[in-house]
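Please go through them with the coordinates open.

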Amino acid sequence: MLNGFLQDRSMDLKSLRRDTEVRRRCVLGVLPRSAEVVVIGGGVIGLSIAFHLAEAGVRGVVVVERDSVGQGSSAKPLGGVRATFSDPGNIMLGQRSLEAFERFSVDIGLRQVGYLFLCRTEDSVAQVKASTALQRRLGGSGRMVSPAEAVRLNPFLNGDALLAASFSPRDGYAEPARVVAAYRAAAVELGVQVIEGTEVLGIDRTGAHINSVATDRGAIRTSRVICAAGAWSARIGEMVGVPLPVEPVRRQIGVTPGEAGLPTVPFTLDLATTLYFHNSGDGLLLGISDAEQEPGFDREFSLDWQPAFDRAASVVAPSLVGRTFESGWAGLYENTPDHNALIGTSMELPGFTYATGFSGHGFLQAPAVGEVVRDLYLGREPFLDPAPFHADRFTESAPVREVHII
């Protein structure tokens, strides 16, 4: 179904199939009475974790999703896939995930058109030069380009507004729904139970031991829980007394009608204003961060962000001003105080692991995060040190600092 599942696995698929009753439960979503591990959240992160656990031989993996899989933050991200970051951990997560996306044996809509970060101040030029050099040392494809080359790559741009840009040709975007579907199918094939329409109401613990997960359909006995609940993770953390500082923030995107002769452009982002755009079918996907957006779970779409987009576009891409939209959507970012992920296992509650708070990076880092959480679960050393992403960083050390965020 995807990457190592069909290409690199050492065990024959038939040896991994469960008996008829268990497979029936997987399909019908029958709530099990017990589980080896309960993954809370059926988005791309939770399903990647479940798949990687099952692929490694863990049995009794249950994913609990309040709605339908992939309907939270995974339903409406930008779809970008990249290793273009300034923090080594983010670069490594992005690079590892990009390699995995390239190996998917099903069509996930991967379009490696590159990422183009625009620099319009001397400070951003210096920061992006430094991060591009670090990316290349870690195996990335990025390079600095002149304003003239940026315009050749993206004819929508006004080169006079730029001082420089960085371009990473291996990056691009994919279709989140296809990735979610692929992870789900592969996980279920390996015996994972995906339980939809089921809300987690509480987690029972005694001291440093987890006893069960309570849902609106009954309890599941388990000693291991993995929180991959995205924007809803703070509430899950509260259930076990583990602070997960994740705050939901609405982000909105518009898609323009198709038009003949539209050039194929990189996924382009203006660091000064957070304006971004890339191709979407025969049209364009447009968006910008709203610094005034109040935190909350509001996912109602509106065009209240378009004036800010138009002001930014009037400087860097004037022909995008005043575009009409044929569709659009609102989704949730799951922001942490430093806009970087929370990945780790609680020191006080060893049965509780979390992978959340990706602040817009979750989809693109999902394959690698699945690997990291699998290794944490199995007591193995992951391919990178996850310590900088531990939730305790906000009380014990300086948080991760990332330049390439929108």
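1. Helices, as the word is used in these notes, are DSSP runs of H or I with at least four residues, numbered from the N terminus. Just after one of them, α5, glycine 139 takes a positive phi of about 95 degrees. The model is predicted, and every value quoted here should be read with that in mind.

2. Helix α5 covers residues 122-137, and its 16 residues reach 23 Å from the first C-alpha to the last, which is close to the 22 Å expected at 1.5 Å a residue. Its buried residues are Ser124, Val125, Val128, Ser131, Thr132, Leu134 and Gln135. An α-helix has 3.6 residues a turn, so residues three or four places apart point the same way. As for what this buried set packs against, the partners are α4, together with the strands β4 (115-119), β5 (143-145) and β6 (164-168).

3. Helix α7 can be checked in a similar manner: at 1.5 Å a residue its 14 residues should span 20 Å, and the end C-alpha atoms are 20 Å apart, which agrees. The buried residues of α7 are Pro176, Val179, Val180, Ala182, Tyr183, Ala186, Ala187 and Val188. Just after α7, glycine 191 has a positive phi, of about 100 degrees.

4. How do α3 and α7 pack, and at what angle? Helix α3 (residues 44-55) and helix α7 (residues 176-189) have axes 9 Å apart, at an angle of about 30 degrees. Because angles under 35 degrees count as roughly parallel, α3 is described as roughly parallel to α7. The crossing in which α3 passes α7 is left-handed. On the α3 side the contact is made by Val44, Leu47, Ser48, Phe51 and His52, and on the α7 side by Val179, Val180, Tyr183, Arg184, Ala186 and Ala187. Sorted by class, this contact has 8 nonpolar, 2 polar and 1 charged residues.

5. The pairing of helix α4 (residues 88-103) with helix α10 (residues 362-378) is described by axes that come within 7 Å and cross at roughly 95 degrees. That angle makes α4 roughly perpendicular to α10. From α4, the residues that meet α10 are Asn90, Leu93, Gly94, Arg96, Ser97, Ala100 and Phe101, while α10 supplies Phe363, Leu364, Gln365, Ala366, Pro367, Ala368, Val369, Glu371 and Val372. The residues of this contact divide into 10 nonpolar, 4 polar and 2 charged.

Notes. Residues are numbered from 1 along each chain as its sequence is written. This is a predicted model: local features need pLDDT of at least 70, side-chain atom pairs count only at pLDDT 80 or more; totals for chains, interfaces and linings use all residues. Side-chain values use heavy atoms; hydrogens and water are left out. Axes are lines fitted to C-alpha atoms, for helices over the stretch in contact, and angles run from 0 to 180 degrees between N-to-C directions. Helices (H or I, at least four residues) and strands (E, at least two) are DSSP runs, numbered from the N terminus. Angles under 35 degrees count as roughly parallel, over 145 as roughly antiparallel, 65 to 115 as roughly perpendicular and the rest as oblique. A crossing is left-handed if the near helix is turned anticlockwise from the far one by less than a right angle, and right-handed if clockwise. Contact means heavy atoms within 4.5 Å. Ala, Val, Leu, Ile, Met, Phe, Trp, Tyr, Cys and Pro count as nonpolar, Asp, Glu, Lys and Arg as charged, and the others, Gly among them, as polar. The expected span of a helix is 1.5 Å times one less than its number of residues. Buried means under 20% relative accessible area, exposed over 50%, partly exposed in between (1.4 Å probe, protein chains only).
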